[in-house]
Amino acid sequence: MSPSSSRSGSSASRSSSRSRSSTSDTSQETSSDDSDMSTPYRAGASTMVQHDVDTMKKFLKIETNNHTYRAVSVKHFVTNVWGLDETDADTIISSSIAHSPEELASYTSVLGYARSKEIDLHKPFRDISQSLLTKVCSILHKDPGSLQTDFWDGKGTTMLISEFTGRKPDLVRFWTPMEDIRWHFAKAPLEFKKPHGPKSWLDTIAEEGGNAASSSSTSQLENPPPQAKKRPKKSERRSKVKQSSSTSTSTSGSTKEAEPGQKRSRDGAEDNNGARDRKRNRTSLTQDELQVASYILECFGSSNRHFVTGILAEGTRISLWYFDRVAVIRTQTFQLDDAAHGAQFLALALYALDQADMSHSGFNPHIYEFTAPSDHEIPVTEACISPLERPAHEESTSLCFRLPKQAPTQKDYIFQIKKFLFKYRGIMGRGTLVAAIQIYTMNECLYRDHCVIKLSWQYTSRQSEGGILAALRKAIPAWTNNLPNPIFHATYNSAELGIPRSKMELTEVDSTKPIKDRDLHVLVSDMYKNLWEADDVEEFKRIFLDCIECHYHAYTTGRVLHRDISENNLMIWRPVNEVEVDSEGSASDSDSGDSELEDDAQKSFGILNDFDMAVGVDAEGRSPPSGASHRTGTLPFMATGLLDKKMHPGSHFYRYDLESFFYILVWAAVHYDLKLKQHIETPEHFRDWADYGHAHKAKSSFFINSVDDDSEAYECVFSEFKSVWNEWIYPLHKLFGDAFIHQARHRRDEGYIPETIDALITFETFMETIGVKPRGLEREER
């Protein structure tokens, strides 16, 4: 049985035949058989292969490192992030609001009982929250019926499913009525952590004269504490010895009362947060904080949000959290049981969160409810569009993007969302979202169909993809059919979008590593198909040649180096005319051409896609050195020189992109079932190519080992791709292999040319090796 037939019926096969965009981003897919990894490549949540909690936390720690602002006051947070009126905030802070002694005792008794669990904190905290919110409504003269949200409590056993994984959160704040409990609709998660220490929480508080409840309140627990004392473990005895010299702080994080004359902050938390907060003047998150981040990740991955917030309760220590695509913001810690301001700060946070509208809860304010005209001949009016008051089901086609106009003469576009095609799997980074759309303009009829929109957060220093494409289409006009068509593109900075971080007073922990801001880039273009949706191998080869030749002319004439060649950035364009999108949001396969192409015999074109990471080059073809701590590319297709830290010179060579083109050929030969138009599971022999810890070694070994027809690699090849393997891949394997041997022997020689490995790896040698005569700048036929 051929590899093709044996795999075509495999349950491991996965259909990936959906149409994708010219703006399709390969930032991440997360299963081990996918090639869509983070670009630019950096280990982070977007590169996860496993979805277990420990792996998730590991990658989130890498992703958020050096991106955290700390010690922001609670008042500054709730007024700038959740949009609470400053007058209301001051009224709550200066009020005499206090906890119910019974409710506080119920909460603290759980902390004092060694056998209690974190889920035992849920009901006491919910009771405290409801009481405080009722009191806030009273002092602000508000109707308690105006409260909009409540805590959903899954008892720590109910799993919320997202597009990527399933989690069991503690409490999650949702708008009421809570009809559909999904991450997509979550307003903010709350994570509890019950501190553990050598002494009971109550004993420690009692020694310090804190506000702990009477130990008799432990009788409210389902399982009362045992009477007999147990001998502590060795580790606990050692901990007691270590802590005997200092008992100023409880294991729950309670701090000493302010010394006489010491001023206590009234708008955030104590000015001196104690030794524990001093330790938190650091750049990475703790395991408990990463647990909050993992829930934030689910919210980001399940909806189109600009930012997500959360609450962390570590015993009686409460902190508020904010995450966007650039940074993390954490408030000062305040004590739930602090007699001075604990109740006020918690009431302030809960009320601000409750009153926050969609925009102040982080949801994209430029997504609207949309009622499309019943006929394409009927124009769109303002009556067709209305703001969202609550998160909407993304499965619905009654949503649209309406972005701010950047010039009075700019058309007022309405982008009706037909289907979300791609969502970024991560917190920090580009946060790319791709959706199939239909385009309308206000007060006009349907403008264009078969299109896609991409939104991505790019560093402020980067030129927009739409601008790069517009310039390239002018520079190499004969190749415009092989470049995405930027129907619309725009760039919005954080301030223009009202991102809370942009208007807050923040101090960086490490001033030597400033946090870089990002702009939101929007690009709308035609819809294209994936490379594995080629009709046959001949079309695949033609599409591949279109892309590699367009890439060459973009580099030599357009002075642009792509830097992210991957299987999802080589696409197929089959021009269509009909105003028709099927139920899956995909363009039909009509062969009718655009008016410009009616006389063109070619019915499909290779599209060199996704210029997000492209850079300009000088007259010698050199790209500027990168000071980034990560390298640009999509992992399975990244050049070995980029994966080898010892060899990477800081610049991205043109030959690195040629090497990526070669890897696409290999990847296609072992992944693409063209008969079923499926991208199948990665064979075990190639899985290390998608593992950031093993990719360099795996690819280096690939060039050392044989790829003959009796090799392990050849056994993975689909039968329809064996001609490509024999005629293209095998000779290219030798070309690159010989060049790398030459590089190892001569890279320290005087006069060595690293850009081309002494002219061994060039566009000309690549094309000569596969026996194809290149087309020139005018795209003359072969």
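User: Which residues of helix H4 (residues 86-93) are buried?

Analyst: They're Asp 88, Ala 89, Ile 92 and Ile 93. Keep in mind that this is a predicted model.

User: How do you know that the buried residues of H4 line one face of the helix?

Analyst: Look down the axis of H4: the buried residues fall within an arc of 130°, so they line one face. Those residues pack against helix H3 (74-80), helix H6 (122-139) and H11.

User: What makes Asp 85 a cap for the N-terminal end of H4?

Analyst: A side-chain oxygen of Asp 85 lies 2.9 Å from the backbone nitrogen of Thr 87. The cut-off for a polar contact is 3.5 Å, so 2.9 Å passes.

User: Which residues touch the most other members of the largest nonpolar core?

Analyst: Trp 82 and Phe 415 do, in a core of 83 residues. Helix H11 (residues 342-355) gives the most to this core, with 10 residues. Apart from it lies another core, of 76 residues, including Leu 523 and Phe 718. As background, nonpolar side chains tend to be buried together in soluble globular proteins.

User: What is Trp 82 in contact with, leaving aside its neighbours within four places in sequence?

Analyst: Its partners include Phe 77, Leu 320, Ala 349, Leu 353 and His 360.

User: Why is Trp 689 called buried?

Analyst: Buried means under 20% relative accessible area. Trp 689 has 1%, so it qualifies. Phe 702 has 5%, so that residue is buried too.

User: What makes Trp 689 and Phe 702 an aromatic pair, and why is the pair called edge-to-face?

Analyst: Two cut-offs settle this: ring centres within 6.5 Å make a pair, and planes over 60 degrees apart make it edge-to-face. Here the centres are 5.3 Å apart and the planes are at 85°, so both labels hold. The pair links distant parts of the chain, with Trp 689 in the loop between strand E25 (678-679) and helix H17 (695-704), and Phe 702 in helix H17. By the pairing rule, the count comes to 43 aromatic pairs. Ring pairs also link Trp 689 and Phe 702 into a cluster with other residues, among them Phe 637, Tyr 663, Trp 667 and Phe 766.

User: Asp 691 lies in the loop between E25 and H17. Why is Asp 691 called partly exposed?

Analyst: Its relative accessible area is 28%. Buried needs under 20% and exposed needs over 50%, so 28% lands in between. The C-alpha atoms of Asp 691 and Pro 636 are separated by 8.1 Å, though these residues are 55 apart along the chain.

User: Is His 652 buried or exposed?

Analyst: Buried, because its relative accessibility is 7% and the limit is 20%. His 652 is found in the loop between helix H15 (640-643) and helix H16 (654-671). Its side chain makes a polar contact of 2.9 Å with the side chain of Asp 657.

User: How many of the protein's residues count as buried?

Analyst: Of its 782 residues, 58% do.

Notes. Residues numbered from 1 in each chain as written. Predicted model: local features only at pLDDT ≥ 70, side-chain atom pairs only at ≥ 80, totals over all residues. Heavy atoms only, no water. Phe/Tyr/Trp six-rings, centres within 6.5 Å; stacked < 30°, edge-to-face > 60°. Helix = DSSP H or I, 4+ residues; strand = E, 2+ residues; numbered from the N terminus. Buried < 20%, exposed > 50% of the residue type's maximum accessible area, 1.4 Å probe, protein only. Core = buried A, V, L, I, M, F, W, Y, C linked by side-chain atoms within 4.5 Å. Contact = heavy atoms within 4.5 Å. Arc of directions from axis to C-beta. Polar contact = N/O pair within 3.5 Å; in protein donor to acceptor, adjacent residues only side chain to side chain.
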